[in-house]
Amino acid sequence: MNSVTSDIRGDSDISVLLNPKSIAIVGASEDIKKFGGRIVHYLLKHRFPGEIYLINPKSSEIFGRKTYPSLDAVSGSPEVVLIAASKPHVLAAVESAGKLGAKVLVIVSNGYADAGDREAEETLVTVAHSYGMRIVGPNVMGYSSPANGLAMMASHVMNVDKLQDGNVGIISQSGGVLSALMDFFVQHGCGMSHTFPTGNQADLDFCDFANMMIDDPATQVICTYVEGIKSPERFNQVARRVQAAGKPWLMMKSGRTEAGMEAAFSHTASLASSHAAFANICRDNGIVLLEDFEALVTATLLMSRHPKAKVDKLAVLSPSGGSCVMTADLFSDYDLPLVEFSASTHKKLAGYFPAGVVNPIDTGIAIKDPIVGSCGPSAEVVSKDPNVDLLLGVISTCPDVRLVTQLIADGAGNKPCLLVIQPAAMADSARAYLRDNAIPYTDSLHTAIRVIKALRDANLATGRDEAVRPEGCSLPSSLPQGVMDEQTTKALLKAYGIRTNAGLLSTNADEAQKSAANLICPLVLKVASPDIVHKADVGGVMLNISSPEAMGEAVRKMQATLARTAPNARIEGFLVQEQVSGLAEVMIGVQQDALFGPMVMVGAGGSLVELLADVATATAPISLADAERMLNTLKISTILHGTRGQPPLDIGTVADVICRVSWLAHDLSGQLLELDINPLFVAEDGKGAVAVDARALMVSD
């Protein structure tokens, strides 16, 4: 369905949702078991200050308020109309709302795309747009705006004495998750500006709601739960606007694993996923992507208190040496830095600790007021260190858990502080203190580390550089379809300036021996078969062949082996190639993502591909600088930079190959489904890199 989308710079007709002056409820009721009844109940309970029109043809009043038999009987012009009527009455209500001049419809009614009836849903959108109206839903439970006293939502989380307004705007593609988020935030003293479930997203989707919150002064932090996106381009546009506005955007996306990824045509496909593509887009736009509900909540609580905080340099304080060691281990596992304190901080800490106290700080070793009394001064001194961006307090069992918690939290002052509460029931009073004072905490050290890692990665992420096409990249005049064998794929790589090892295709042992005479030994022999992906697994690769005569014998031996290991495989011939080597093996691949288009991947190559699953992903095309940044995120980057007596390798050439492959993927977008270069042998710095094996899958555009 092609629906109208709001202008990326903002749309007043949509933003009226945040603070409507008048609303109408179609399907209003006094029965709070019904959506229409609960919505009216909460709307009145929380004293919405605007005009309310209650529509019910069977009652003259509801909760003591006048009702109207239909929208046609309303003399005013409600800006927002919520429709909670049964499906047969919805379309007529949409028509009537349009005639009244309503700006936005919130359709609670279900039975549309959620039940497979997309045609009826599209009709609603078409009619609404004909009157210039937009639609939230259908199949949505309403929404709320605590910042403006609006509780037009059926969720039981509205059943509180007072709406807790604050600076967090929530958008969720699940009504249940939204209610859980709201309940959790309220319990932790975190107020909300606006909360939107998206329903079926027949018209407005989560990007539209995020776009509204960018320009809303009441919203300083955006928290979203996402299951899927309709438009990658729209998502990118809104993400860039949020980033430019300096508002943290925290997001959890479900559906990180997808069926079908294990049945791989190539190494690339076995490591690819749409979630990896989505994570890549988030990274490029500074979105904080969390993997679980608790991490999302904890990160949002932290950013709610410190929306402008930049998390990079970290300090840890605990009354337990064991907790300090556990935390240091996790920091190492997640590649998080423990900051080196300034000389001034060391001098101030010397009054409490032995000389040379290091990060993490164990207050149990304090020479003055150990464990408890030293917590407050230590937290205050460390938090004032200009090198420290965030203080992590890890609270273990100790003489007075609540007091230690308070001392660390209060000692942090205005510096971002996250508490981990490890004890169980004996720490309940400490948790109550933190909730009462809206101080972020979690019971899980692992959750805290994941939150810090996500915030730090988003903070350190740099925007993508403009991709510039390298010289010598041009498509051949004709391209085969289907599976492309190694020779054909290498020809395509050569057209994009990527070096490959020399080789010839032979059909039998005698031809292979003649081919070997024209190449420089040592040689390598590979089977050429569209049915064999992992050649080495079936004996389809032989190395260090020293002469043409040895090549002929090698082919005969391989034929006998393949008859046993791959009896049903189609054998198209045997590749006779000059053998090259390198100091490292890299895999470079292309995968076509259904939403984000061509993705380029790089990771550890050779036999380590699936073993390490060490992969970086980016949308194609990419710049040379971005290719180098991808390489530096890999576990094998230490090898590429030189380690344990090995010289630095030719990272520049590898980055150039990645860049060229990304342009190949871009130029064949929609046609090149997969490409797998594995391995790319990398020599020492200045001596290049060679693609020694490659495979591709093409379809017609």
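Q: How do you know that the length of helix α23 (residues 651-667) agrees with its 17 residues?
A: The expected span of a helix is 1.5 Å times one less than its number of residues. For the 17 residues of α23 this should be 24 Å, and the end C-alpha atoms are 24 Å apart, so the two agree. Helices here are DSSP runs of H or I with at least four residues, strands are runs of E with at least two, and both are numbered from the N terminus. The model is predicted: local features need pLDDT of at least 70 and side-chain atom pairs pLDDT 80 or more, whereas totals for chains, interfaces and linings use all residues. Residues are numbered from 1 along each chain as its sequence is written, and side-chain values use heavy atoms, without hydrogens and water.

Q: Why is α23 called mostly covered?
A: A residue is buried under 20% relative accessible area, exposed over 50%, and partly exposed in between (1.4 Å probe, protein chains only). In α23, 12 of the 17 residues are buried. Among them are Ile651, Val654, Arg660, Trp663 and Leu664.

Q: Why is Ser429 called partly exposed?
A: Its relative accessibility is 37%, so Ser429 counts as partly exposed. This residue is in helix α15 (residues 428-436). Ser429 and Pro476 are 47 residues apart in sequence, with their C-alpha atoms 71 Å apart in space.

Q: Why is Ser323 called buried?
A: The relative accessible area of Ser323 is 3%, so the residue counts as buried. Ser323 belongs to helix α11. Leaving out residues up to four places away in sequence, Ser323 touches Ser318, Val394, Ser396 and Gln422, where contact means heavy atoms within 4.5 Å.

Q: What makes α18 roughly antiparallel to α19?
A: Helix α18 (residues 509-516) and helix α19 (residues 548-565) pack at about 150 degrees, and their axes are 8 Å apart. That angle makes the pair roughly antiparallel: under 35 degrees is roughly parallel, over 145 roughly antiparallel, 65 to 115 roughly perpendicular, and the rest oblique. Axes are lines fitted to C-alpha atoms, for helices over the stretch in contact, with angles from 0 to 180 degrees between N-to-C directions.

Q: Which residues of α18 and α19 meet?
A: Ala509, Asp510, Ala512, Gln513 and Ala516 in α18 meet residues of α19 including Pro548, Met551, Val555 and Arg556.

Q: How do you know that β15 and β17 pair?
A: Two strands pair if DSSP finds at least two bridges between them. Strand β15 (residues 314-318) and strand β17 (residues 390-395) run parallel and are joined by four bridges. Leu314 has Leu390 as its bridge partner, and Ala315 has Leu391.

Q: How many bridges link β17 and strand β18 (residues 417-421)?
A: Five bridges join β17 and β18, in the parallel sense.

Q: What makes β16 and β19 edge strands?
A: The open sheet has five strands in the order β16-β15-β17-β18-β19, with parallel pairing. Strands β16 (361-362) and β19 (441-442) each pair on one side only. Helix α11 (residues 321-333) lies across β15, β16 and β17 at about 155 degrees to β15. Helix α13 (residues 375-383) also lies across β15, β16 and β17, at about 175 degrees to β15.

Q: What makes β17 mostly covered?
A: Six of the six residues of β17 are buried. Leu390, Leu392 and Val394 point one way, while Leu391, Gly393 and Ile395 point the other way, and all are buried.
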